[in-house]
Each structure stands twice: as structure tokens, then as C-alpha cells.
Amino acid sequence: MSDLCVVLCVALPDEYHPAALERGLRRRLDRPTLDRIDRLRQPVDRLRSMLGRLLLRHGLRLRGLDDGAGVTIGHYGKPRLVDGTAEFNLSHAGRWVVCAISRTAVGVDVEQVRPFDLVLAQRFFHRRECAALAVQPAAARHDYFFRLWTAKEAYMKALGLGFQRDMASFSVAPRADLHVALDDPQMSPQPYVLSHLELDPGYRLALCHHGEPVTVLLVTIEHLLSPTIIH
Ligand SMILES: CC(C)(COP(=O)(O)OP(=O)(O)OC[C@H]1O[C@@H](n2cnc3c(N)ncnc32)[C@H](O)[C@@H]1OP(=O)(O)O)[C@@H](O)C(=O)NCCC(=O)NCCS
């Protein structure tokens with residue numbers, strides 16, 4: 001597999017019939033995957049989770065890998081390919097579902113920028129991040145909060161720890177050029193590179209990987225559902 005990090009993104013349409021879409025997606029997934037997804041109560045959560053798995057399969061196929069490779073749930077819930085041919089990570093929020101595939105460990109996080117109780121930042125964030133948030137113009141503060149949040153979560157997901165990692169134990173500093181500086185006293189030398197990717201004005205998307213060149217692919221649901229497409 002090439003040293004490329006591929007980030008596949010698919011959006012739920014503005015209007016759709018959840019039950020009809022779910023029926024279509026279910027036909028493309030295997031029983032163990034569906035059993036896990038069926039534990040999700042909300043139809044939209046099931047749809048996003050199904051789209052994540054289909055994006056993964058599509059991405060593996062594009063990379064010339066076995067798209068039927070099984071997925072196992074590892075430590076702290078991180079899904080991994082059983083055959084270990086690639087690393088991947090999934091994230092979903094609002095209308096977007098994102099899947100990053102790489103040769104080495106990778107993490108992604110997408111979040112919809114929305115009003116948020118910024119007092120929560122004091123509970124979760126490093127003091128340097130709280131200070132940087134406090135000096136943002138009021139109109140930009142929610143967006144900055146989600147730039148911090150997605151960068152931190154993408155890193156914690158690349159590590160495979162998710163929220164098991166204390167969010168205040170390391171700090172990130174998003175820059176105007178979309179690169180994010182990362183300071184983790186527990187990781188030296190730091191092998192990870194953090195950055196934001198442009199996706200949708202209402203969302204923030206962060207990627208944490210080992211610095212391979214990145215390609216972003218927008219995929220349609222029709223493409224994932226089409227039985228006639230040769231992927
Ligand atoms: C991973 C985690 C940060 C996701 O948070 P979120 O903002 O709700 O969700 P996102 O949409 O960004 O990501 C969800 C995806 O992350 C992946 N994921 C789950 N656990 C993960 C982990 N530990 N590390 C990296 N990725 C993980 C999954 O693919 C999941 O999607 P899926 O369930 O549809 O396959 C959070 O669930 C977490 O901290 N989990 C670990 C907690 C834990 O210790 N669980 C023990 C269970 S064994």
C-alpha cells in the first residue's frame with residue numbers, strides 16, 4: 001500500500017427517507033456489523049455508522065486492499081482490520097461521515113460547530129488552550145472551541161485511547177494555515193502530525209496521522225449504494 005493517507009467523506013442528503021435509506025445500506029453490510037449497529041437506538045446513528053463501514057470498504061477497494069477484511073473491536077473500542085493491512089478511523093457528526101485510511105495509526109474527528117457552554121472548556125482543556133480561547137473575539141469563540149476539540153479528539157483517537165486520555169494532559173494550538181501544533185509531555189519524540197481539513201463551513205474536521213501526503217475524497221451515497229459501480 002502506498003504511503004498516502006486517504007480521507008473519504010460522505011454527507012447525508014438534505015432530505016431523505018431514513019427507513020428506505022437504512023434498508024438500502026443494510027443490504028450491503030454483513031451480519032456481525034449489523035448486529036453491532038442495531039444496538040444504536042437512533043435511526044440517524046445507525047445510518048451514520050453504516051455509512052462509515054461502507055466508506056471504509058470503498059476506501060480499501062480504492063487502495064487495492066481486500067474490502068471484505070473483517071473488522072475487530074480493539075482496546076478502548078477502537079475498530080481495526082483483522083488482517084492488519086491498513087489502519088483506519090471513523091467519525092460522524094450531523095450530516096457528515098468521515099473515514100481516514102493510512103498505513104500507520106490515524107485518527108479523525110468531525111464536529112458540527114454549534115453553540116456550546118464554553119465554561120466546559122475549563123473542565124476539559126489544558127490551561128494554555130483555555131487562555132487562547134478566552135482571547136478569541138466573541139463571534140469566533142465557538143468555532144475556535146471546535147477547532148480545539150476536533151484536534152484533541154483526532155489525536156486521542158489516533159492513539160486509540162479516545163476519552164480514556166485526560167484531555168488536559170496535552171495541548172494543541174490551531175494555526176491559520178490549518179496546521180495544529182501539538183504538545184504532549186508523554187510523547188517524545190512526537191510521531192504524529194495534526195491538521196484541520198476544509199470540508200463544510202458549518203463543521204470542523206481534524207486529522208491526526210504520521211505525516212504522509214493526504215488526499216480527501218468526497219463520495220456520494222448513491223456511489224456507495226450502486227450495485228453497478230466497479231469500485
Ligand atoms: C472514540 C470516542 C472518542 C468517539 O467519540 P464520538 O465523538 O462520540 O464519536 P466519533 O463519531 O468521532 O467517532 C466514533 C467512531 O470512533 C471509532 N472509535 C471507537 N472507539 C475508538 C477509540 N478508542 N479510538 C479511536 N477510535 C475509536 C469508531 O469507529 C466509532 O464509530 P463506529 O462506532 O460507527 O464504528 C469515544 O467513544 C471514546 O472515548 N471511546 C473510548 C471509551 C472507552 O474506553 N470505551 C471502552 C469500550 S471497550
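How do the axes of helix H1 (residues 18-26) and helix H3 (residues 43-62) cross? They come within 10 Å and cross at roughly 30 degrees. Axes here are lines fitted to C-alpha atoms, for helices over the stretch in contact, and angles run from 0 to 180 degrees between N-to-C directions. Helices (H or I, at least four residues) and strands (E, at least two) are DSSP runs, numbered from the N terminus.

The structure is a predicted model, in which local features need pLDDT of at least 70, side-chain atom pairs count only at pLDDT 80 or more, and totals for chains, interfaces and linings use all residues. Residues are numbered from 1 along each chain as its sequence is written.

H1 and H3 are therefore roughly parallel to each other; angles under 35 degrees count as roughly parallel, over 145 as roughly antiparallel, 65 to 115 as roughly perpendicular and the rest as oblique. From H1, the residues Pro18, Leu21, Glu22 and Leu25 meet Pro43, Val44, Arg46, Leu47, Met50, Leu51 and Leu54 of H3, where contact requires C-beta atoms, placed from the backbone, to lie within 7 Å. The residues of this contact comprise nine nonpolar, no polar and two charged. In this scheme Ala, Val, Leu, Ile, Met, Phe, Trp, Tyr, Cys and Pro are nonpolar, Asp, Glu, Lys and Arg are charged, and the others, Gly among them, are polar.

Twelve residues from domain 1 and eleven residues from domain 2 form the contact. The side of domain 1 that touches domain 2 has four nonpolar, seven polar and one charged residues.

Both domains give residues to the shell around the ligand, so the ligand lies between them. This shell holds 18 residues, the closest being Gly77, Lys78, Ser91, Gly162 and Phe163; a residue is near a molecule or strand if its C-beta atom, placed from the backbone, lies within 6 Å of it. H3, strand S4 (87-93) and helix H6 (141-158) each supply at least two residues, and S4 gives the most, with four residues.

Two backbone details remain. Most residues other than glycine have a negative phi, and most peptide bonds are trans. Tyr76, in the loop between strand S2 (71-73) and strand S3 (79-81), has a positive phi near 55 degrees. The peptide bond from Ser188 to Pro189 is cis, with omega near -5 degrees, and Pro189 is placed in the loop between strand S8 (179-183) and strand S9 (193-197).

Definitions and conventions:
Two residues are in contact if their C-beta atoms, placed from the backbone, lie within 7 Å. Domain bounds come from an automatic or database domain assignment.
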